[in-house]
Amino acid sequence: MGDPFRTIEWKGDHIQLLDQTLLPRREEYIEIRTVDQMCDAIRRLAVRGAPAIGVAAGMGIALGVMNAGDSDREAFEALLESVSREIAATRPTAVNLFWAVNRMKELYKSCGNASISEIKKRLAEEAVLMEQEDRRLCERIGKAGKDLIQDGDTVLTHCNAGGLATAGYGTALGVIRAAFDEGKRIKVISDETRPLNQGSRITAWELQKLGIPVTLIPDNTAGALMQRGEIQKVVVGADRIAANGDAANKIGTYSVAVLAKYHGIPFYVAAPLSTIDMSLSSGAGIPIEERAPEEVTQICGVCIAPEGVSVRNIAFDVTPHELIHGIITEHGVASDPYEEAFTGHFAKKKEETSR
């Protein structure tokens, strides 16, 4: 089936985003017309999920230089650099953000002596291409991972790695979706995912939209369900994966992986190759974002904690590769040793793009 929503879309003179901060109460699209608006949307999680953030970054750069003058090449280059720097500063953990910024800057370098108007056109086309590519990659990830899920399985997922976290279809939810579309009778358990409740607000909403059976649980219920034999697989997404397979994802993922290991349940990560950072030898080098305490002390603006209490709001944790059964990319399922497996996947990608 087609997507029942559109996460992000280039509209020629602006960008349209589904504001995920309003879900599930309101399904509302917002117009992004300036770089500042795009940066704000990324920071406050109106658009979120590593692949979607990458697409948003590419579109934000194209939007940011759209109204630049067509005669001063030096001024245009300075503007492109400034816009790229501003967007790159929005969030530190999702490597797709920096991948997209670098891709747009490399495209500019490849334009040579093309006119500024032509360069602006190419940047916009590249941003749209990123969105189209992401959708296709997610479908391939789903196809690569669907056989890991058996008929009758109940699959646990944490946070949101669906169409809302990408340009469509999803990574972890893409694997689940591909298995479901094949006719497998599967059910999904969605952790609520504190502190921002992206499992309850977003994943549960998305799965209901797709008609896939979903049950919502508090984060601290996962272990009890595993102990009872009610969960057969775990599939999550990632915001950055190191060369050795250590994977950063929404806070709480590490705890789920430890529980899965103890109970002998396969734990999979699904992500495109753009999420793999081969420059980092391990997860120790992944920058971990810490966010505002209000995301913990409040829910929808309502205070649920004593005023002035000290808060640690760590947004991500890193799951060691030893706890990961396999990492699903658009080129198949990688297993330990991951660096060797990733090298093979990148070689396949290079061969594919050179045809």
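## Y268 and its bridge partner

Y268 has G326 in β15 as its bridge partner. The strands involved, β10 (residues 267-270) and β15 (residues 326-329), run parallel and are joined by three bridges. Here strands (E, at least two residues) and helices (H or I, at least four) are DSSP runs, numbered from the N terminus.

This is a predicted model, in which local features need pLDDT of at least 70, side-chain atom pairs count only at pLDDT 80 or more, and totals for chains, interfaces and linings use all residues. Residues are numbered from 1 along each chain as its sequence is written, and side-chain values use heavy atoms, leaving out hydrogens and water.

## The sheet around them

Let's step back to the sheet. Seven strands make an open sheet with mixed pairing, in the order β6-β5-β4-β7-β10-β15-β16; two strands pair if DSSP finds at least two bridges between them. Because β6 (214-217) and β16 (332-334) stand at the edges with a single partner strand each, one side of each has no neighbour in the sheet.

## Helices on the sheet

Helix α6 (residues 172-181) packs on the sheet and touches β4 (154-157), β5 (187-191), β7 (233-236), β10 and β15. Contact means heavy atoms within 4.5 Å. Helix α9 (residues 253-262) lies across β4, β5, β7 and β10.

## A buried leucine

Where is L323 found? L323 sits in the loop between β14 (316-319) and β15. L323 is buried (under 20% relative accessible area, with a 1.4 Å probe and protein chains only), at a value of 18%. Leaving aside neighbours within four places in sequence, L323 is in contact with Y254, A257, V258, K261 and F267.

Key: Axes fitted to C-alpha atoms, helices over the stretch in contact; angles between N-to-C directions. Buried < 20%, exposed > 50% of the residue type's maximum accessible area, 1.4 Å probe, protein only.
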